[in-house]
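Please look over the sequence and the fold below before reading on.

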Amino acid sequence: MTDILIVDDNRSFRKMLKYIILSRYSSFRVSEAGDGQSAFRKTEEETPGLIFMDVRLPGENGLQLTRRIKASFPDIPVIMLTNLDGPEYREAAAESGADGFLSKKTSSASEVLESVEAVYTQSAKPPPGKKKAEAKKPL
């Protein structure tokens, strides 16, 4: 089982995010995918405990992929992590079934790590990018 799957077409960003995660959670298995097809295959094969998903991907975009993953694996938390930070993208992410939303432009490494901690400790705090009243379920 993979603890975290990072889905982003930018290899440098994937490596940086993996480094941030492993700096605190060195025993975690972190897998990477650069497109929707390989991300879905890895989700089927590795059943990650958490997915960080970019919106812009070659082929199937992250919103479509999130819908597909949630249809088959509804219990896997998906957090959108993207440069597209407008309210329309936050709304589209929520509609696709994403459990949280982080902006690459404004989110800090500590916010990413808090997201991981929230998933793995099943805390009652709302997912990233949501107010407590908006949270569908605690991560």
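This is a predicted model: local features need pLDDT of at least 70, side-chain atom pairs count only at pLDDT 80 or more; totals for chains, interfaces and linings use all residues.

Residues are numbered from 1 along each chain as its sequence is written, and side-chain values use heavy atoms, with hydrogens and water left out. The mean pLDDT (the predictor's confidence in each residue, from 0 to 100) is 87, and 86% of the residues reach 70 or more. Over residues 123-139, however, the pLDDT is below 50, although this stretch has 42 contacts in the model beyond near neighbours in sequence, where contact means heavy atoms within 4.5 Å.

The protein has five helices and five strands, and along the sequence they follow the pattern β-α-β-α-β-α-β-α-β-α; helices (H or I, at least four residues) and strands (E, at least two) are DSSP runs, numbered from the N terminus. Among contacts between residues at least 6 apart in sequence, 63% join residues at least 24 apart. Of the 139 residues, 50% count as buried, where buried means under 20% relative accessible area, exposed over 50%, and partly exposed in between (1.4 Å probe, protein chains only).

In soluble globular proteins, nonpolar side chains tend to be buried together. The largest nonpolar core here has 21 residues, and those with the most contacts inside it are Val7, Ile51, Met53, Leu65, Ile69 and Met80; such a core is a set of buried Ala, Val, Leu, Ile, Met, Phe, Trp, Tyr and Cys residues joined through side-chain atoms within 4.5 Å. Two or more residues of this core come from each of strand 1 (4-7), helix 2 (36-46), strand 3 (50-53), helix 3 (62-72), strand 4 (78-82) and helix 4 (87-96), and helix 3 gives the most, with three residues. A second, separate core of 18 residues includes Leu17, Val30, Phe52 and Val116.

At its start, a side-chain oxygen of Asn61 reaches to within 2.8 Å of the backbone nitrogen of Leu63. The buried residues of helix 3 are Gly62, Leu63, Leu65, Thr66, Ile69 and Lys70. Seen down the helix axis, they fall within an arc of 160°, so they line one face of helix 3; the arc is that of the directions from the helix axis to the C-beta atoms. The cover over these buried residues includes strand 1, helix 2, strand 3, strand 4 and helix 4. Leaving aside neighbours within four places in sequence, Leu65 is in contact with Val7, Gly36, Ala39, Phe40, Met53, Leu57 and Glu60. Ala71, by contrast, also lies in helix 3 but is exposed, with a relative accessible area of 65%, and its C-alpha atom is separated by 9.0 Å from that of Gly97, 26 residues away along the chain.

Two loop residues complete the picture. Gly59, in the loop between strand 3 and helix 3, counts as exposed at 74% relative accessibility, and its C-alpha lies 6.7 Å from that of Gly36, 23 residues apart in sequence. Thr47, in the loop between helix 2 and strand 3, is partly exposed, with a relative accessible area of 38%. Most residues other than glycine have a negative phi, whereas phi of Thr47 is near 40°, a positive value.

Definitions and conventions. A polar contact is a pair of N or O atoms within 3.5 Å; within protein, one must be able to donate a hydrogen and the other to accept it, and residues adjacent in sequence count only if both atoms are side-chain atoms.
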